[in-house]
Amino acid sequence: MLLQVQAAVSPPEPKPSTSAPAPEHRPPAAAPASEQSAGTVRPRLLLIEDEAGIVDFVRRGLQGAGFVLEAAADGIEGERLALSRNYDVILLDLMLPGRDGLEVLSAIRKARPGVPVIVLSARGELDDRVGGLDAGAVDYLVKPFSLAELEARVRAHLRLIEQAATTTLRGAGIEMNLLTREVSRDGEAVLLSTTEFELLACLLRHHGQVLTREQILTYVWRYEHDPATNVVDVYIGYLRRKLARADGSTPIATVRSVGYRLGRAE
Ligand code: CA
């Protein structure tokens with residue numbers, strides 16, 4: 001599984017060309033919706049940029065380098081795509097028609113905190129608004145930029161994602177990132193306290209296995225507990241409430257007189 005994930009985010013092979021991408025020697029780019037190609041998943045990028053010349057330049061370069069690139073020409077469409085589809089990296093211009101790039105950035109940060117956003121900015125915009133990078137861009141490139149530099153930065157951020165992928169736990173529709181500590185169920189963010197987070201990580205690491213209260217106490221609280229304590233049951237209750245679906249179903253099953261198990265309820 002992890003191997004597959006790592007392969008999925010492996011950067012495309014290096015390419016010497018900078019401003020004149022030559023995609024002819026590569027297989028034709030797949031349609032944007034299709035990331036699957038020859039058994040590998042190509043990194044998927046969104047470019048939000050209103051200057052057609054830059055869109056064309058970036059598209060030819062990055063698609064030639066093995067990325068899937070979708071583009072939006074204004075802030076409203078860009079925000080809509082960024083929030084409704086999954087991208088590995090988002091490239092964002094600041095001066096956009098429809099909605100300002102910083103507003104788009106802020107919306108992405110709220111709804112998709114794990115997706116790296118690289119700002120593409122003209123020098124003047126950047127000088128004026130460098131403080132806006134605090135809004136959560138991971139990086140910025142000043143126009144005009146070279147394709148080689150853009151590709152290198154995209155790859156650098158993909159490598160960080162790859163590292164994070166090795167620290168992601170998944171199961172029962174739940175995904176936990178142990179680096180960013182983001183948790184989601186069925187794609188919806190779930191906010192957990194530190195103890196709830198540790199408890200859920202413990203259950204996910206033993207997905208499908210029954211854990212006794214004593215085992216959970218040792219894994220999560222890491223010290224000998226009064227066997228009469230009900231702290232495990234209390235925190236399981238908190239987690240169940242936070243992870244419950246609209247129909248009330250929970251991914252944590254009680255195994256009577258033994259303990260708990262992450263997986264389908266009995
Ligand atoms: Ca612009």
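A: Leu 46 stands opposite Ile 90 in strand S5, in a model that is predicted. The two strands concerned, S3 and S5, pair in the parallel sense over 4 bridges. Strands of a sheet pair through backbone hydrogen bonds, in either a parallel or an antiparallel sense.

The burial of S5 deserves attention next. Of the 5 residues in this strand, 5 are buried. In a regular strand the side chains alternate between the two faces of the sheet. For S5, one side carries Val 89, Leu 91 and Asp 93, the other carries Ile 90 and Leu 92, and both faces are covered, as these residues are all buried.

Leaving aside residues up to four places away in sequence, Leu 91 touches Leu 45, Leu 46, Leu 47, Ile 48, Ile 118 and Leu 120. Leu 91 also belongs to the largest nonpolar core, which has 34 residues. The members that touch the most others are Leu 45, Leu 46, Ile 48, Ile 90, Leu 91, Leu 92 and Val 117. At least two residues of this core come from each of strand S3 (44-48), helix H2 (52-64), strand S4 (68-72), strand S5 (89-93), helix H4 (101-111), strand S6 (117-122) and helix H6. Nonpolar side chains tend to be buried together in soluble globular proteins. Another core, of 15 residues, lies apart from the largest one and includes Met 176, Leu 200, Leu 239 and Leu 243.

The peptide bond joining Lys 143 and Pro 144 is cis, with omega about -5 degrees.

Elsewhere, an open sheet of 4 strands has the order S8-S9-S10-S11, with antiparallel pairing. Its edge strands are S8 (168-171) and S11, each of which pairs on one side only. S10 and S11 pair over 2 bridges in the antiparallel sense, and Ser 184 has Ala 189 of S11 as its bridge partner. The loop between S10 (183-185) and S11 (188-189) holds Asp 186, a residue other than glycine whose phi is positive, near 50 degrees. Asp 186 is classed as exposed because 11 other C-beta atoms lie within 10 Å, where the limit for that class is 12 or fewer. Ser 257 likewise has a positive phi, near 60 degrees, and is found in the loop between strand S13 (252-255) and strand S14 (259-262). With 6 other C-beta atoms within 10 Å, Ser 257 is therefore exposed.

For the chain as a whole, there are 9 helices and 14 strands. Buried residues account for 27% of the 266 residues. Of the contacts between residues at least 6 apart in sequence, 59% join residues at least 24 apart.

Note on methods: Residues are numbered from 1 along each chain as its sequence is written. This is a predicted model: local features need pLDDT of at least 70, side-chain atom pairs count only at pLDDT 80 or more; totals for chains, interfaces and linings use all residues. A residue is buried if 20 or more other C-beta atoms lie within 10 Å of its own, exposed if 12 or fewer, and partly exposed in between; C-beta atoms are placed from the backbone. Two residues are in contact if their C-beta atoms, placed from the backbone, lie within 7 Å. A nonpolar core is a set of buried Ala, Val, Leu, Ile, Met, Phe, Trp, Tyr and Cys residues joined through C-beta atoms within 7 Å. Two strands pair if DSSP finds at least two bridges between them.
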